[in-house]
Amino acid sequence: MTKHIHGGDVYKYDHCLDFSANCNPLGTPQSVKQAIIDSVEDLSDYPRVGCGPLKEAIAAYEHTKKEYLICGNGAADLIFSLSRALNPKKALLPAPTFAEYEQALVSVGCEISRYYLKEENDFCIQEDYPDVLKKEKPDIIFLCNPNNPTGITIPQDLLEKILETCSIQGIFMVVDECFLDFVKDPDKHTLKEKLEKYPGLFILKAFTKRYAIPGVRLGYGFCSDREVLDRMEAVTQPWNVSTMAQQAGMAALKEAEYVEAGRQIIFRESAWMKEKMRQVGLTVYPSEANYIFFYGPEDLFERCVAKGILIRDCSNYPGLKKGYYRVAVKLHEQNKKLIEVLEEVLL
């Protein structure tokens, strides 16, 4: 298994402006910080098991049923508890994609097969994917939409074909929509409305990126199969979502204007950054999320760190080689600094 490396290592590279982790560029809302401060008064009590009020708030926000929800200590916690609950023997994963899927599956002894995304197709899943499913016959699949690290969405008609194929073949389908908040028309890409019809569908989401609170650890998932959710809860310790995280989540869900403001910054800045990055000779892919995937010199990471900029070296992702990178879309002055460093080290 490839060495487990993450973006956001601000502790090792504490002198750098961090473009390796992708969160809302506006930073943590003040209301969320205040909710965490206020929750200190409740630290002498155990957290609320089951996250009832938080689930009600999420259900209202997501326009879905509270009964379909499960909360976790970040989305990664749910990936691991789902893997333990289902205990699959074989999985099919795109390559490249988010590392935690493989890490969680391997931890329960699951065999991993890969569907390699090709550079000539902009690393997009192709129409042959349902046929590959029929051939490989996995117990479970994970799809990241938009994908990490490429930032590219799966066409909705293909996604629905995959869902139907999984239903017929008895394959459990997990769709990670954590970055869907940052695409232009998220409602056109989500599978939430398919939950009731397809009990073998699990949708993963998190507060981390939308509200810039990776340090809080708060994720949630949807599934209409109550037995699956019960099994997940049975393999999870009962106080896995802290009091602070629950209070932060309920405060965050009220920040509609903040979320939309962050989205508009990303749309505007992403277009500007992509053009500037192409001008310095980088190969830039059509990322749709709040980060940009690109190809450049093999030593670009080291060159940027020397200038105080931390980018995400993606060469540890299966299916990628040295020279592939990802950068977050941040505020304009920060993005200008990134472009200035790229111009300095490349031109």
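**Reading a predicted protein chain**

A: Start with one residue. Cys 166 counts as buried, because its relative accessibility is 2%. Buried means under 20% relative accessible area, exposed over 50%, and partly exposed in between, with a 1.4 Å probe and protein chains only. This is a predicted model, where local features need pLDDT of at least 70, side-chain atom pairs count only at pLDDT 80 or more, and totals for chains, interfaces and linings use all residues. Residues are numbered from 1 along each chain as its sequence is written, and side-chain values use heavy atoms, with hydrogens and water left out.

Q: How many disulfides does the structure hold?
A: A disulfide is a covalent bond between the sulfur atoms of two cysteines. Here the test is a pair of cysteine sulfur atoms within 2.5 Å. The structure holds 0.

Q: How many helices and strands are in the protein chain?
A: Helices (H or I, at least four residues) and strands (E, at least two) are DSSP runs, numbered from the N terminus. The protein chain has 11 helices and 13 strands. Its radius of gyration is 20 Å, close to the 20 Å that the globule rule gives for 347 residues, so the chain is as compact as a globular protein of that length. That radius is taken over C-alpha atoms, and the rule is 2.2 Å times the number of residues to the power 0.38.

Q: What share of the 347 residues counts as buried?
A: The share is 56%.

Q: Which residues does Arg 263 touch?
A: Contact means heavy atoms within 4.5 Å. Arg 263 lies in helix 9, residues 256-279. Leaving out residues up to four places away in sequence, Arg 263 touches Asp 181, Phe 182, Val 183, Lys 184 and Pro 186. Arg 263 counts as buried, at 10% relative accessibility.

Q: Where is Ala 57?
A: Ala 57 is in helix 2, residues 52-62. At 24% relative accessibility, Ala 57 counts as partly exposed. Ala 57 touches Met 250 and Leu 253, not counting residues up to four places away in sequence.
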